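Please examine the sequence and the three-dimensional structure shown below. The explanation that follows is intended to be read beside them.

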Amino acid sequence: MTASQGTVLSAAERVSLLRMMMRIREFEDRVAESYLRGLTAGSMFHLSVGEEATAAGAGLAMETGDCFTTHHRGHGIFLARGADPGRMFAEVFGRKEGYCEGKGGSMHIADISLGHMGANAIVGANIPISLGGGFSMKYRKTGKLSVAFFGDGALNQGVLYECMNMAALWKLPLVFFVVNNQYGMGTRIDLASASLDFVKRAESFGVRGAQVDGMNVEAVAAACRELFSWSRAGNGPGFIIADAYRFYGHGRKDPSPYRNKAEEEEWKRRDPVETQKQRVASAGLLTEQGIKDMAAEVTKEMDDAAAWAAKQAEPGPADLYTHVFASQRAQ
Amino acid sequence: MQMMYRDALRAALAEEMRRDPRVFVIGEEVGRYGGAYAVTKGLYDEFGAERLVDTPISEASVVGLGVGAAIAGLRPVVELMYVDFVGLAMDQISNQMAKWSYMSGGKVKVPMVLRTQGGTGRSAGAQHSQSLETWLAHVPGLRVVMPSNPADAKGLLKTAIRSDDPVVFIEHKALYAVKGEVPDGELLIPFGQAAVVRPGTGVTIISYSRMVSVAAEAAGALAKDGVDAEVIDLRTLNPLDMDAILTSVKKTRHAIVLNEAHRTAGFCSELASRITEEAFDILAAPVVRIAAKDVPVPATLLEKLSIPTVEEVVTAAKTLSQRRRS
């Protein structure tokens with residue numbers, strides 16, 4: 001399946017995609033800066049700078065009531081599904097007002113009220129959970145969709161294929177969304193996978209497959225809208241692999257010595273935020289000044305959110321034992 | 001009425017499924033086949049394929065499906081055919097099922113039951129006879145339930161299904177055909193309440209699951225020799241009823257902890273530690289552990305040599321009850 005960009009996107013949506021990507025980048029850069037300045041509470045930050053088009057495009061194609069899980073590099077996806085950046089910063093800073101009251105941190109953000117069943121730090125382990133999400137959607141006859149977001153590193157985890165089989169067997173409303181940033185930590189995808197035809201793998205299970213340019217947000221949005229609607233309608237599960245790139249290393253302090261500098265420059269020339277600015281400007285949807293104004297608004301939003309988060313209370317000893325059990329009974 | 005353990009479990013499932021449409025049963029062979037140990041036999045006819053879901057042999061993802069379905073609003077009862085298979089699903093149990101309530105600061109909950117069975121009694125060999133409750137009881141966030149009789153099987157399973165917490169419910173393969181009195185009508189047994197199976201004053205024997213019957217039989221034999229043993233059935237390992245344990249031990253001053261798991265780092269070791277920490281001053285002698293030998297469970301005839309026997313408990317209790325602290 002190839003998606004023709006722009007055909008199903010309104011002018012307002014094309015602009016909103018740019019804005020969302022700018023928000024994700026500002027958020028991630030601020031997390032990186034906070035980390036380097038020692039303001040964050042945890043030490044594990046996996047930034048999605050360079051991958052904004054995958055999150056914004058898929059996020060636009062999802063509906064209220066859909067559910068999803070993410071991998072450890074999932075800040076952008078949750079922002080694209082309506083997360084409050086202040087509460088996300090608060091979680092990253094370890095504060096009580098964070099999404100998980102400071103207990104989850106960057107890699108475990110969740111909030112079922114926004115459909116987020118959890119960011120997972122075990123590679124591929126969110127996929128069975130999203131299988132359960134899809135099962136629930138069908139069982140309850142909601143007409144909604146479950147989406148599992150994960151990286152190329154999870155493509156060789158066994159549970160992915162267990163789940164493809166069951167999702168196809170039961171025709172679940174479930175989409176496997178791969179953010180292929182080309183590296184599982186430091187191992188390039190072709191050094192980890194005997195075959196790079198992942199769509200073929202999915203199709204061999206009876207899962208409808210698609211590949212899309214993950215640096216082109218409009219292409220991602222259009223492809224997702226098509227595939228998500230198809231799966232939501234009860235036709236079965238889908239698989240989409242979006243080719244993208246991680247502009248930082250695995251973590252912020254990883255200089256990626258295992259990557260070729262020419263390769264990095266090549267991908268950065270295809271920067272999804274910059275290319276969408278060009279698309280929006282050349283279509284006459286925003287002027288150059290309009291884009292600058294939008295950038296200033298986003299910067300202010302993230303400044304305010306981070307400043308608010310930094311002022312929130314830290315959890316204390318009384319919080320240590322809460323939520324071990326939902327029933328709150330003592331051990 | 002008199003009922004077999006497996007029938008009591010089935011009654012609990014059926015009652016809860018009728019009461020709450022969110023409850024469904026999923027696992028290998030649970031539907032058309034009726035369960036490897038016939039616990040779900042007949043439920044498929046009443047509830048159909050939508051609520052008695054047969055799965056492929058994919059333990060990790062089936063348990064994960066349960067976690068996700070629970071987070072997304074359902075009440076799954078996932079059957080893992082043998083507790084020996086937890087290794088296949090341990091990431092989903094330990095890192096997902098157990099942790100999501102805590103990691104999310106309560107933003108998601110996992111009201112799921114993982115039903116499984118363990119223990120010896122069928123000469124099923126080292127990969128189908130283990131008692132692995134300690135692996136599960138070690139992980140914060142899991143309720144661990146191990147019923148010893150039909151009434152508890154029913155009442156605890158119904159409580160498990162209604163609980164908002166993830167519950168690992170470990171049945172015993174040698175108990176399925178055991179009969180016992182099960183009260184008529186609604187039966188809900190709260191977690192964290194041990195049962196005094198036999199009151200006594202001379203020595204406390206603390207156990208759970210099938211070893212409770214070994215303890216009770218030993219207590220009967222001990223009575224003939226003038227040793228008055230109290231038998232406590234923990235029923236749930238998490239929550240653990242330390243009050244009941246300490247009340248008894250303070251009375252008898254002698255404690256035996258008995259389980260079918262291996263001796264080294266088994267749940268008995270945890271019980272012995274807790275009793276020692278909290279009741280050392282009153283104990284007349286060190287806590288005695290009686291557990292399975294530290295060998296893989298042998299198949300065929302050697303099996304019964306590897307697990308605790310009534311005679312072993314009787315001998316240990318007689319010796320222990322003579323101990324006095326000078």
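The model is predicted. Seven strands form an open sheet here, in the order β3-β2-β4-β5-β7-β6-β12 (chain B), and their pairing is mixed. At the edges stand β3 (52-54) and β12 of chain B, each of which pairs on one side only. From one strand to the next, the twist averages 20 degrees. Strands of a sheet pair through backbone hydrogen bonds, either parallel or antiparallel. In the case of β2 (residues 23-27) of chain B and β3(B), the two strands run parallel and three bridges join them. Within this pair, I26(B) stands opposite V53(B) of β3(B).

A helix packs on this sheet: α3(B) touches β2, β4 (75-80) and β5 (113-118) of chain B. The direction of α3(B) makes about 165 degrees with that of β4(B).

The helix α3(B) also has a helical partner. Helix α3 (residues 59-71) of chain B packs with helix α4 (residues 86-97) of chain B at an angle of about 25 degrees, and their axes are 7 Å apart. Because angles under 35 degrees count as roughly parallel, α3(B) is described as roughly parallel to α4(B). The crossing of these two helices, α3(B) and α4(B), is right-handed. On the side of α3(B), the contact involves E59(B), A60(B), V63(B), G64(B) and V67(B). These meet residues of α4(B), among them L88(B), A89(B), I93(B) and M97(B). By class, the contact of α3(B) with α4(B) comprises seven nonpolar, three polar and two charged residues.

One residue of helix α3 of chain B, A69(B), leads from this chain to the other. What does A69(B) touch, apart from residues up to four places away in sequence? Its contacts in chain A are G132(A), F135(A) and S136(A), and those in chain B are L74(B) and P76(B). A69(B) has 29 other C-beta atoms within 10 Å; because 20 or more count as buried, A69(B) is classed as buried. The C-alpha atom of A69(B) is separated by 9.2 Å from that of P111(B), although these two residues are 42 residues apart along the chain.

The contact between the chains may now be considered as a whole. In total, 36 residues of chain A are in contact with 38 residues of chain B. On the side of chain A that touches chain B, the elements giving two or more residues are β2 (116-119), α5 (126-139) and α6 (158-169) of chain A. Of these, α5(A) gives the most, with nine residues. The residues of this side of chain A divide into 19 nonpolar, 11 polar and six charged.

Chain A also contains a helix pair. Helix α1 (residues 11-36) of chain A and helix α2 (residues 52-61) of chain A pack at an angle of about 135 degrees, with axes 9 Å apart. Since an angle over 145 degrees would be needed for roughly antiparallel, α1(A) is instead oblique to α2(A). The crossing of α1(A) with α2(A) is right-handed. From α1(A), the contact draws on E13(A), L17(A), M20(A), M21(A), I24(A) and R25(A); from α2(A), the residues include E52(A), A53(A), A56(A) and L60(A). The contact of α1(A) with α2(A) divides into eight nonpolar, two polar and three charged residues.

Finally, some features of the backbone deserve attention. Q182(A) is not a glycine, yet has a positive phi of about 80 degrees. This residue, Q182(A), lies in the loop between β4 (174-180) and β5 (183-184) of chain A. M185(A), likewise not a glycine, has a positive phi of about 55 degrees, and is placed in the loop between β5 and β6 (187-188) of chain A. Are these residues buried, exposed or partly exposed? Q182(A) is partly exposed, with 17 other C-beta atoms within 10 Å, and M185(A) is partly exposed, with 14. In chain B, a cis peptide bond joins N238(B) and P239(B), with omega about 0 degrees. P239(B) is located in the loop between β12 (236-238) and α9 (242-252) of chain B.

Methods:
Residues numbered from 1 in each chain as written. Chains lettered and ligands numbered in written order. Predicted model: local features only at pLDDT ≥ 70, side-chain atom pairs only at ≥ 80, totals over all residues. Axes fitted to C-alpha atoms, helices over the stretch in contact; angles between N-to-C directions. Helix = DSSP H or I, 4+ residues; strand = E, 2+ residues; numbered from the N terminus. Parallel < 35°, antiparallel > 145°, perpendicular 65-115°, else oblique. Left-handed = near helix turned anticlockwise from the far one by under 90°. Contact = placed C-beta atoms within 7 Å. Nonpolar A, V, L, I, M, F, W, Y, C, P; charged D, E, K, R; others polar. Buried ≥ 20, exposed ≤ 12 C-beta atoms within 10 Å, placed from the backbone. Pairing = 2+ DSSP bridges.
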